[in-house]
Amino acid sequence: MVNAFKKFIFSLCCCLLTLNLFACRDVSLNTVTTDGIDPSPNPTSPYEYHRIHSRDGIGKFYLGREIAKIMGHTEMMWLERPSRQTQERPNQAIEALDLQPTDTVADIGAGTGYFSFRIAARIPEGTVFAVDIQPEMVDVLEFLKTENQVKNLEPILGTPKDPQLPEGSIDLALMVDAYHEFEYPQELMEHLFQALKPGGRVVLLEYRRENPLIPIKTLHKMTQQQAKREMAAVGLTWRETLNDLPNQHFMVFERPKQPI
Ligand SMILES: C[S@@+](CC[C@H](N)C(=O)[O-])C[C@H]1O[C@@H](n2cnc3c(N)ncnc32)[C@H](O)[C@@H]1O
């Protein structure tokens with residue numbers, strides 16, 4: 001009896017140790033019932049759902065990549081941290097966008113508008129659509145637009161699948177540190193493709209996953225290879241990657257001028 005009890009305690013300790021090791025390795029054993037998880041198998045879906053997955057992800061995989069958990073609005077001040085100036089060099093990134101004064105730009109996953117407002121100031125005759133799916137982020141965009149009397153920026157409440165942009169209207173769509181957490185990347189990008197003008201560009205800024213020394217959670221980084229795969233899946237053509245930023249890929253894609 002005493003031996004059986006000792007064995008039980010030993011097994012329990014082993015289980016707990018194993019679970020703890022998993023947790024330390026960025027992996028969690030989640031019950032797959034959280035938001036964004038569709039437990040019903042759908043053979044036509046581009047997504048896979050895994051019960052064992054990173055604790056920073058939602059257990060949903062697209063073309064082999066686990067989608068990251070969304071950055072909630074309560075963390076919005078992180079987006080305005082002064083260290084972004086050195087980590088991301090936003091002015092240099094915006095310079096590289098090669099904006100034209102009359103451009104129509106969409107900032108998808110705009111957050112507090114860290115990039116949207118800086119871009120709006122550069123294109124006084126153009127328009128910036130600042131899209132986010134969190135109403136609290138859109139409220140902040142509205143507040144800052146009014147507070148700073150910015151006339152050429154339109155906050156838009158998108159849905160996880162659709163940025164709600166007019167078809168054929170966008171010269172440049174920008175996504176900074178955001179795409180990796182889109183819950184429906186394929187549907188979102190298909191809508192965005194339709195919103196682009198023929199020849200319109202998509203610029204994707206993502207922390208470089210190839211470099212393990214960049215101190216950002218793995219699921220919040222992307223490799224170039226993966227980004228190219230996902231953009232190609234919706235018909236976008238890779239044009240170039242600029243490697244001047246300290247931590248991020250600056251990847252340029254294009255909607256082909258002629259239908260393929
Ligand atoms: C990490 S923040 C980056 C914000 C901003 N781009 C910046 O660099 O400061 C990512 C933002 O993407 C938004 N987001 C997530 N999924 C989205 C979707 N499907 N469409 C639009 N925005 C989305 C989130 O609500 C969040 O505000």
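**View 1. Gln164 in the loop between β8 and β9**. Gln164 sits in the loop that links β8 (153-157) to β9 (helices, H or I of at least four residues, and strands, E of at least two, are DSSP runs numbered from the N terminus). This is a predicted model, in which local features need pLDDT of at least 70 and side-chain atom pairs count only at pLDDT 80 or more, while totals for chains, interfaces and linings use all residues. Residue numbers start from 1 along each chain as its sequence is written. Gln164 is a residue other than glycine, yet its phi is positive, near 60°. Gln164 is partly exposed because 13 other C-beta atoms lie within 10 Å (20 or more make a residue buried, 12 or fewer exposed, and counts in between partly exposed, with C-beta atoms placed from the backbone).

**View 2. Asp98 in the loop between α3 and β6**. Here is another loop residue to look at: Asp98 lies between α3 (90-96) and β6. Asp98 is not a glycine, but it takes a positive phi of about 55°. With 11 other C-beta atoms within 10 Å, Asp98 is exposed.

**View 3. Strand β6 and its partner β7**. Follow the chain into β6 (104-108), where five of five residues are buried. Thr104, Ala106 and Ile108 point one way from the strand, while Val105 and Asp107 point the other way. Strands β6 and β7 run parallel and are joined by five bridges (strands pair if DSSP finds at least two bridges between them).

**View 4. Ala106 and the largest nonpolar core**. This core has 45 residues (a nonpolar core is a set of buried Ala, Val, Leu, Ile, Met, Phe, Trp, Tyr and Cys residues joined through C-beta atoms within 7 Å). The members that touch the most other members are Ala106, Ala173, Leu174, Met175, Leu192 and Leu204. Strand β9 (residues 170-176) contributes the most to the core, with six residues. Zooming in on Ala106, and setting aside neighbours within four places in sequence, you will find contacts with Phe129, Val131, Pro163, Leu165, Ile170, Ala173 and Ala195 (a contact has C-beta atoms, placed from the backbone, within 7 Å). Another core, of five residues, lies apart from this one and includes Ile58, Tyr62, Ile67 and Leu219.

**View 5. The buried residues of helix α6**. Helix α6 spans residues 185-195, and its buried residues are Pro185, Leu188, Met189, His191, Leu192, Phe193 and Ala195. These buried residues pack against the strands β4 (57-62), β6, β9 and β10 (196-208), and against helix α7 (224-232).

**View 6. The open sheet β2-β4-β5**. Three strands pair in antiparallel fashion in this order. The edges are β2 (47-49) and β5 (65-68), each of which pairs on one side only. Strands β4 and β5 are joined by three bridges. Phe61 has Glu66 in β5 as its bridge partner, and Tyr62 stands opposite Arg65. The hairpin of β4 and β5 has two residues between the strands, and Leu63 takes a positive phi near 50° there.

**View 7. The shell around the ligand**. The ligand is surrounded by 23 residues (C-beta atom, placed from the backbone, within 6 Å). Gly109, Gly111, Tyr114, Val176 and Ala178 are the closest. Helix α4 (114-122) and strand β7 (127-132) each bring at least two residues to the shell. Its make-up is 16 nonpolar, four polar and three charged residues (Ala, Val, Leu, Ile, Met, Phe, Trp, Tyr, Cys and Pro count as nonpolar, Asp, Glu, Lys and Arg as charged, and the others, Gly among them, as polar).

**View 8. Phe117 in helix α4**. Phe117 is partly exposed, with 19 other C-beta atoms within 10 Å. Leaving out neighbours within four places in sequence, Phe117 is in contact with Leu144, Val150 and Leu153. Ala130 is 13 residues from Phe117 along the chain, and their C-alpha atoms are 8.8 Å apart.

**View 9. The whole chain, for orientation.** Stepping back, the chain holds seven helices and 13 strands. Of its 260 residues, 33% are buried. Among contacts with a separation of 6 or more, 63% join residues 24 or more positions apart.

Technical notes
Two residues are in contact if their C-beta atoms, placed from the backbone, lie within 7 Å.
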